[in-house]
Amino acid sequence: MIKHHLNDRLLMAYSAGTLPEAFNLVVATHISMCDECRARLASFDAVGGALIEETAEQAQMETGALAATLARIKSTQPSTRPDAPRPMRDVVLPEPLRAYAGGGVEQIDWRNVGGGVKQAILPTSRHASARLLYIPGGAAVPDHGHRGMELTLVLQGAFADEQDRFGPGDIEIADEDLHHQPVAEPGMACICLAATDAPLKFRALLPRLAQPFLQI
Amino acid sequence: MTKQDGGKWIALLERVAERQDAEAFAQVFDHFAPRVKAFLMKSGADATTAEECAQDVMVTVWRKAPQFDATRASVATWIYTIARNRRIDMLRRDRRPEPEELTWGPEAEPDQLDALMLQQESARLVSALADLPERQRLMIERAYFGDQTHSEIAEETGLPLGTIKSRIRLALERLRHSMS
């Protein structure tokens, strides 16, 4: 049962297409796991549709635009090739994430970052960064604050911090005001997708030195 | 948009999908292409680029007409999502991965009643949007059409970020209220 959802601001910006790629990826992944937010996104898309419909301003098309468009439709045959077969579902990674992680959960190229914690940086635009985190049961991610916004989506297992407990599908939206130390629940390792639009601020000395090398 | 209008666009799109009906397409084009072009120009495109991209959007409308599902979106909303994706390419914005498709049962027959309810709700949303206080409506429009984040809107308008956020929040509350 998902308890922590996307907020209006993220859903609206995802619908408008103005988020950095790393955040788009987190939103798309959460929606793949959460029917409630999928329905809310449909409402935000509907607002976009209503704006298109209702707008008083229209821009006249050039003379002959319809004929030109029809000519283009006729001249280029749509590809008759059937849609590519849908990839096998992965138990941990929803489809949008598989494309970034290079496949399923076994294909993730983990790097150790200390304390048993592993991460894999995902290829996104430089406006924000995304990474997968592997936190062994009972282990902690170094205490950190945020300069910008950080989104953390649980894919497997659960973690808890000063705010609450976050299980599969839950998303924590953290900003400048939140300093937290996520700890994975004992038992199954916790795998998360995290994205941030600014470097994290670590409190302890060691992680701060490590930060430039680990790109977190 | 009235309820009847919503039904009209669905019927026209069906004619395009099933019979490649150019006359039906012409009606959809006349209504939506100038709106899509205006949307693209508000995002900062010049008239020539917006014209070309609006034509692209309408080519996609023709091609994807068979995939349109009236139980999931109004025609205006569906065209909005196509135009939004075209704008992301046009402005070379960040990639926007799509959520995993829902897997439906074996070809569930589209439910007429669902489609009708969705049309009614879409029509109500259009009038609720038109009834918003001007400054709230403008903020929503900027957030969607202006290709701007809240901070960028703040920078350009000189309004404090808090004011922008609260106007958008109030607008959404009003829309929700009129939809409930």
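Predicted model: local features only at pLDDT ≥ 70, side-chain atom pairs only at ≥ 80, totals over all residues.
First, the ground rules. Local features need pLDDT of at least 70, side-chain atom pairs count only at pLDDT 80 or more, and totals for chains, interfaces and linings use all residues. Residues are numbered from 1 along each chain as its sequence is written, chains are lettered from A and ligands numbered from 1 in the order in which they are written, and side-chain values use heavy atoms, with hydrogens and water left out.

Let's start with the sheet in chain A. Strands here are DSSP E runs of at least two residues, helices are H or I runs of at least four, and both are numbered from the N terminus. Two strands pair if DSSP finds at least two bridges between them. As background, strands of a sheet pair through backbone hydrogen bonds, either parallel or antiparallel.

Now one pair from that sheet. Strand 3 (residues 129–135) and strand 10 (residues 190–196) of chain A run antiparallel, joined by seven bridges. Find A:Leu133, and opposite it in strand 10 of chain A you have A:Cys192.

Contact means heavy atoms within 4.5 Å.

Next, the interface. Chain A puts 53 residues in contact with 61 residues of chain B. The buried area between the two chains is about 5400 Å², and carbon and sulfur atoms give 60% of that. That area is the accessible area (1.4 Å probe) that two parts lose on being put together, summed over both. A:Ile52, A:Glu53 and A:Met61 supply 14% of what chain A buries against chain B, more than any other three residues.

How many salt bridges are there between chain A and chain B? Five. The cut-off is a side-chain nitrogen of Lys or Arg within 4 Å of a carboxyl oxygen of Asp or Glu. A:Glu21 and B:Arg95 meet in a salt bridge at 3.6 Å, N to O.

B:Glu100 is worth a stop. It sits in the loop between helix 4 (75–90) and helix 5 (112–130) of chain B. Is B:Glu100 buried or exposed? Buried, at a relative accessible area of 6%. Buried is under 20%, exposed is over 50%, and partly exposed is in between (1.4 Å probe, protein chains only). Leaving aside neighbours within four places in sequence, B:Glu100 is in contact with A:Ser32, A:Arg38, A:Arg89, A:Pro94, A:Glu95 and A:Pro96.

B:Arg92 is in the loop between helix 4 and helix 5 of chain B too. B:Arg92 counts as exposed at 74% relative accessibility. Its phi is near 50°, a positive value in a residue other than glycine. Most residues other than glycine have a negative phi.

Last, cysteines. The whole structure has zero disulfides over all chains, taking a disulfide as two cysteine sulfur atoms within 2.5 Å. For A:Cys34, the nearest cysteine sulfur is that of A:Cys37, 3.8 Å away. A:Cys34 is buried, at 3%.
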